[in-house]
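Please walk through this model with me, moving from its helices to its sheet and then to its aromatic rings.

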Amino acid sequence: MPNVSTCITYDASTSLVMMTLRGTASAQDVINFYQIAHQYSVLYGSEKILVDVSELTHDFAPADLFTIMPVIANSLKQAVLAIVVSFDGFMHDLFVQKAKRYNLQAENFECFNKAKNWLVRQ
């Protein structure tokens, strides 16, 4: 059963929407999280989204990314994503690979500060 803790904020000093996810997520959870991040980006007028999934595990098969990505790509057409991942990042690497096929600007980072600095410069 998916069980995820979510925290989302807006940092006015850097104009970043920042989301932290912990726990175990289903494919639908992932879609929901990125749609929420998009809603925050619209609300605050910033397309720069920093997502920390370093403590998130996936409860779905890699093939499910074929279903997830078109929905996410539609929501995040204008977004720039910096994703903080764990060292065991196979699914995260696959996510970014698929995101780029949909012309989303997304990069994975293993360090929160590097991800934040990269995103601020975009």
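**Two helices side by side**

Helices α1 and α2 are roughly parallel to each other, a label given to angles under 35 degrees, while angles over 145 count as roughly antiparallel, 65 to 115 as roughly perpendicular and the rest as oblique. The axes of α1 (residues 27-44) and α2 (residues 65-75) cross at roughly 5 degrees and come within 9 Å; such axes are lines fitted to C-alpha atoms, for helices over the stretch in contact, and angles run from 0 to 180 degrees between N-to-C directions. Helices (H or I, at least four residues) and strands (E, at least two) are DSSP runs, numbered from the N terminus. On the side of α1 the contact, meaning heavy atoms within 4.5 Å, is made by Ala-27, Val-30, Ile-31, Tyr-34, Gln-35 and His-38, and on the side of α2 by Ile-68, Val-71, Ile-72 and Ser-75.

This is a predicted model, in which local features need pLDDT of at least 70 and side-chain atom pairs count only at pLDDT 80 or more, whereas totals for chains, interfaces and linings use all residues. Residues are numbered from 1 along each chain as its sequence is written, and side-chain values use heavy atoms, with hydrogens and water left out.

**The sheet**

Turning to the strands, we find an open sheet of five, in the order β1-β2-β3-β4-β5 and with mixed pairing, where two strands pair if DSSP finds at least two bridges between them. Because β1 and β5 (105-109) stand at the edges with a single partner strand each, one side of each is left without a neighbour in the sheet. From one strand to the next, the twist averages 15 degrees. Helix α3 (residues 90-101) packs on this sheet and touches β3, β4 and β5, and its direction makes about 165 degrees with that of β5.

Strands β1 and β2 are joined in the antiparallel sense by nine bridges, and Thr-6 has Leu-21 in β2 as its bridge partner. These two strands form a hairpin with four residues between them, and Ser-15 in the turn has a positive phi of about 60 degrees.

Strand β2 (residues 16-25) runs parallel to β3 (residues 48-58), with eight bridges between them; Thr-20, for instance, is partnered by Asp-52 in β3. Between these strands the chain passes through α1, and this β-α-β crossover is right-handed, which means that, with the strands pointing away from the viewer, the path from the first strand over the helix to the second runs clockwise. Five bridges pair β3 with β4 (residues 80-84) in the parallel sense, and Ile-49 stands opposite Leu-81 in β4. Here the chain crosses from β3 to β4 through α2, in a β-α-β crossover that is right-handed.

**Aromatic rings**

The structure holds four aromatic pairs, where rings of Phe, Tyr and Trp (its six-membered ring) pair if their centres lie within 6.5 Å, and planes under 30 degrees apart count as stacked, over 60 as edge-to-face and the rest as tilted. The rings of Tyr-10 and Tyr-44 have centres 4.3 Å apart and planes at 5 degrees, so this pair is stacked. Since Tyr-10 lies in β1 (residues 3-11) and Tyr-44 in α1, the pair ties together parts that are 34 residues apart in sequence.
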